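Let's take a walk through this model, one landmark at a time. Keep the viewer open and click along as you read.

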Amino acid sequence: MSTEPDKALKPLSKEMKALLAGKGVAVGAPLYVRIFKQESEFEVWMANASGTYTLVKSYNVCNWSGDLGPKQKEGDRQAPEGFYVVTPAQMNPKSAYHLSFNIGYPNAFDKANERTGSALMVHGGCRSAGCYAMTDEAVEEIFALAREAFIAGQREFPIAAFPFRMTDENMAFRKDHKWYKFWANLKEGYDFFEKYRRPPVVGVQDKKYVFFNDNMSVPEVFRVSAASASPDAPRLIQGW
């Protein structure tokens with residue numbers, strides 16, 4: 001019988017605990033993830049005592065497939081771009097790619113825009129066909145940080161996947177790109193976090209992302225329409 005510990009239950013390393021302590025972040029603090037395709041960067045931010053978020057660590061995305069631009073349909077091998085939510089049900093400790101979590105594609109925005117696809121993950125193994133692939137070591141650490149946040153009471157964590165760092169300069173460079181309008185919509189959420197250092201509450205209305213300061217500022221129509229069968233109804237981005 002193997003005595004190797006379950007990789008999904010592997011404790012945070014002493015080095016990671018020291019890193020968190022040095023940044024004034026508690027083990028189990030709420031998590032927020034940002035991914036940047038072009039830069040192949042995966043950022044983990046965590047809430048500090050002031051309620052804003054601190055960058056804990058930036059990882060290299062080992063592999064992602066497709067081009068800059070959103071995933072549109074099953075089989076296009078595009079890695080998604082947009083705003084997603086991950087719940088404990090989306091964490092996969094028995095992944096064929098070491099460890100993984102499903103980012104929640106298609107979300108309400110994707111469905112409203114008739115986009116299709118399934119099993120879009122962040123996973124280990126360093127190979128991708130529409131996912132964001134990490135090294136096994138990196139995904140173990142990310143998985144453990146998420147696990148501890150869930151244990152401490154975070155019910156879900158948001159993840160934002162961007163085509164590139166959405167600075168004004170980078171946007172101006174792509175002003176004639178076919179996805180410029182979509183990216184300008186993503187930039188609204190990017191700018192919110194850059195200004196306030198906390199993730200917005202994200203919804204979809206009229207086939208566009210909309211952003212709210214907090215749960216208290218979400219209009220009632222987004223809560224009432226959540227039960228609607230229509231994919232065009234206003235609703236919040238949610239996980240499983």
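The side chain of Glu81 reaches the side chain of Trp183 in a polar contact of 2.9 Å. (A polar contact is a pair of N or O atoms within 3.5 Å; within protein, one must be able to donate a hydrogen and the other to accept it, and residues adjacent in sequence count only if both atoms are side-chain atoms.) Before going further, a word on what you're looking at: this is a predicted model, where local features need pLDDT of at least 70 and side-chain atom pairs count only at pLDDT 80 or more, while totals for chains, interfaces and linings use all residues. Residues are numbered from 1 along each chain as its sequence is written, and side-chain values use heavy atoms, with hydrogens and water left out.

Back to Glu81. A polar contact also links its side chain to that of Lys37, at 3.0 Å. You'll find Glu81 in the loop between strand 4 and strand 5 (82-86); helices (H or I, at least four residues) and strands (E, at least two) are DSSP runs, numbered from the N terminus. Is Glu81 buried or exposed? It is buried, with a relative accessible area of 1%, where buried means under 20% relative accessible area, exposed over 50%, and partly exposed in between (1.4 Å probe, protein chains only). Setting aside neighbours within four places in sequence, the residues in contact with Glu81 include Asp67, Pro70, Phe162, Phe182 and Leu186; contact here means heavy atoms within 4.5 Å.

Phe162 leads us to the aromatics. Rings of Phe, Tyr and Trp (its six-membered ring) pair if their centres lie within 6.5 Å; planes under 30 degrees apart count as stacked, over 60 as edge-to-face and the rest as tilted. The count comes to 20 aromatic pairs. In one of them, the ring centres of Phe83 and Phe162 are 5.7 Å apart with their planes at 85°, so this pair is edge-to-face. Phe83 belongs to strand 5 and Phe162 to strand 10 (residues 157-162), so the pair ties together parts that are 79 residues apart in sequence. Phe162 also forms an edge-to-face pair with Tyr190, 5.4 Å centre to centre and 90° between the planes. Since Tyr190 sits in helix 5 and Phe162 in strand 10, that pair ties together parts 28 residues apart in sequence. Phe162 and Tyr190 are both buried. One aromatic cluster takes in these rings, with Phe36 and Phe182 among its other members.

Now for the cysteines. A disulfide, meaning a pair of cysteine sulfur atoms within 2.5 Å, joins Cys62 to Cys126, S to S 1.5 Å. Cys62 is in the loop between strand 3 (53-60) and strand 4 (63-64) and Cys126 in the loop between strand 8 (121-123) and strand 9 (132-133), so the link ties together parts 64 residues apart in sequence. Cys131 is in no disulfide; the nearest cysteine sulfur, that of Cys126, is 13 Å away.

Last stop, the backbone. Most residues other than glycine have a negative phi, and most peptide bonds are trans. Here, a cis peptide bond joins Tyr105 and Pro106, with omega about 0°. Ser40 has a positive phi, near 55°, and lies in the loop between strand 1 (31-36) and strand 2 (41-47).
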